[in-house]
Amino acid sequence: MKTADRYAWGMRQRVGLYAAPVLALLVYLNPFSSLPPSAHVLSAILVWVVVSWATEAIPLAVTSLVGAALCIAMGLGSAREVLATFAHPIIFLFIGSFFLAEAFVVHGLDRRFAVWLLSRKRITARPVLMFGAMGFATAFLSMWISNTASVAIMVPIALGLLSTVRGSREESGSHEPGVLLLLAYGSAAGGIATMIGTPPNIIGVGLLSQQAGIDIAFFDWMAIGLPLAVVLWLGIAAILFWLHPLPTTFPDLGEHLRNLRRREEPWTRGQKNTCFALILAIACWIGPGVLGIVLGRDSDVVTFINARLPKEMVPIFAAGLLFVLPLNFKAGEFTLSWSQAANINWGTILLFGGGLTFGHLMVQTHLAEIIGEGLVALFGSNTLWTLTAVSIGTALVITEIVSNTASTSMLVPVVISIATAAGVSPVPPTLGICLGASLAFMMPVATAPNAIVYGTGFIPLPNMLRAGVFLNIIGAVLVWLTLRLLCPLMGFA
């Protein structure tokens with residue numbers, strides 16, 4: 001971050017450090033006759049949690065743990081009951097997917113794919129194709145590994161190519177914002193394509209399963225997310241290349257690309273093993289959906305597979321292979337070691353566990369129901385597609401100032417209760433929040449990919465704001481239209 005941004009961030013944390021407990025105490029001391037005692041206590045705890053999440057006064061994962069501990073201390077449930085959600089099956093989907101993604105990065109498969117794509121002669125022939133391919137590579141990687149990791153891999157490659165262009169063309173510096181923003185925004189588009197692409201997706205699926213008893217299969221998510229991701233990515237590329245036009249021809253980049261290829265070694269055993277595990281996981285995720293189309297969703301074969309191999313366990317089995325597929329069996333070296341696996345983002349897992357805990361308690365104490373009924377009465381959002389539009393817009397605004405994981409954890413329990421109170425399906429508005437939370441295009445601090453590209457110093461803040469306004473509006477409309485078209489076809493509306 002630049003100095004001014006770092007100072008503003010620090011101020012936000014300091015404000016949250018004091019504001020969170022003060023506001024929580026005010027809520028606790030203020031009598032609310034319409035709330036049952038347990039809901040009143042929970043609302044005070046949630047005020048502290050939400051303000052702490054929004055300001056990041058303390059780490060998000062720590063906020064989740066302390067918030068859960070406060071719920072136990074205030075008598076909202078026993079330790080066994082409150083902490084049980086930290087072992088919800090969807091947590092293990094997170095863990096196994098993170099292991100697969102870590103192996104993908106450890107063995108350099110992400111960079112190998114990027115360099116392979118950029119080495120295609122037809123792609124390097126025109127600037128639009130080349131930088132478009134870089135954005136596509138980032139989006140594809142974001143379907144399977146974190147958005148942050150995919151952008152971190154591609155930015156150095158992009159800067160190297162841009163420096164080559166800049167050395168040959170005086171005016172080429174004006175193209176850098178568009179190229180770098182395509183990487184950051186393209187990762188957001190790729191992240192919504194799969195259930196494991198970004199944490200908000202799994203959070204929404206987990207809360208739907210926990211609170212509404214609705215299970216969404218990996219294939220079902222892709223049937224909605226992948227078409228949306230493709231259209232959204234094309235819209236992002238079109239807007240950015242319109243705002244920052246590329247030259248019609250390139251200087252010779254052959255030497256730079258040859259240098260990239262020279263750094264690539266032959267396929268290693270670790271890369272082959274990781275590819276095998278990942279392809280196996282994808283096949284197990286998508287296979288039941290394909291069989292459901294052919295044989296019917298209620299066929300004995302599909303029912304048996306879904307019962308014995310649920311989506312949460314697929315990455316556990318696939319990741320388990322990484323610890324037994326050898327690199328050098330005699331030396332005791334395997335595809336993934338525990339020291340490498342321990343580098344996954346445990347904080348996100350704890351944050352998600354906290355979100356499930358608070359969602360469960362909001363339902364148990366009827367707080368979510370009370371909030372939902374109140375919002376329906378206030379805004380009149382009692383039709384499915386109006387509620388979905390409001391959900392998308394709310395998530396889009398909040399995610400610009402709060403992390404997408406935290407905003408999803410806060411909003412999904414409420415919108416499920418609103419949908420239940422209104423007598424409509426909770427799936428479209430919940431998916432609207434998950435997908436809308438990925439549309440953080442305006443601010444550098446909204447997402448880590450935005451911060452990475454902004455930190456290069458090549459993107460003036462007005463450029464990011466201008467592109468972000470266009471893309472937020474376009475993205476919100478595309479999300480709503482996609483849900484409006486596909487959810488009824490998938491039986492979710």
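Is Val 294 buried or exposed, and what is the relative accessible area of this residue? In this predicted model, local features need pLDDT of at least 70 and side-chain atom pairs count only at pLDDT 80 or more, while totals for chains, interfaces and linings use all residues. Residues are numbered from 1 along each chain as its sequence is written, and side-chain values use heavy atoms, with hydrogens and water left out.

Val 294 has a relative accessible area of 63% and is therefore exposed, where exposed means over 50%, buried under 20% and partly exposed in between (1.4 Å probe, protein chains only). Val 294 is found in helix α14, helices being DSSP runs of H or I with at least four residues, numbered from the N terminus. Together with Val 290, Leu 291, Ile 293, Leu 295 and Val 301, Val 294 forms a nonpolar surface patch with about 520 Å² of accessible area, computed by the Shrake-Rupley method with a 1.4 Å probe. Helix α14 (residues 269-295) supplies the largest share of the patch, five residues.

Val 105, which lies in helix α5 (residues 89-106), is partly exposed, because its relative accessibility is 34%. The C-alpha atoms of Val 105 and Gln 271 are separated by 9.7 Å, although the two residues are 166 residues apart along the chain.

Technical notes
Patch = residues over 30% accessible without salt bridge, like charges linked within 9 Å, V, L, I, M, F, W, Y side chains within 5 Å. Salt bridge = Lys/Arg side-chain N within 4 Å of Asp/Glu carboxyl O. Helix = DSSP H or I, 4+ residues; strand = E, 2+ residues; numbered from the N terminus.
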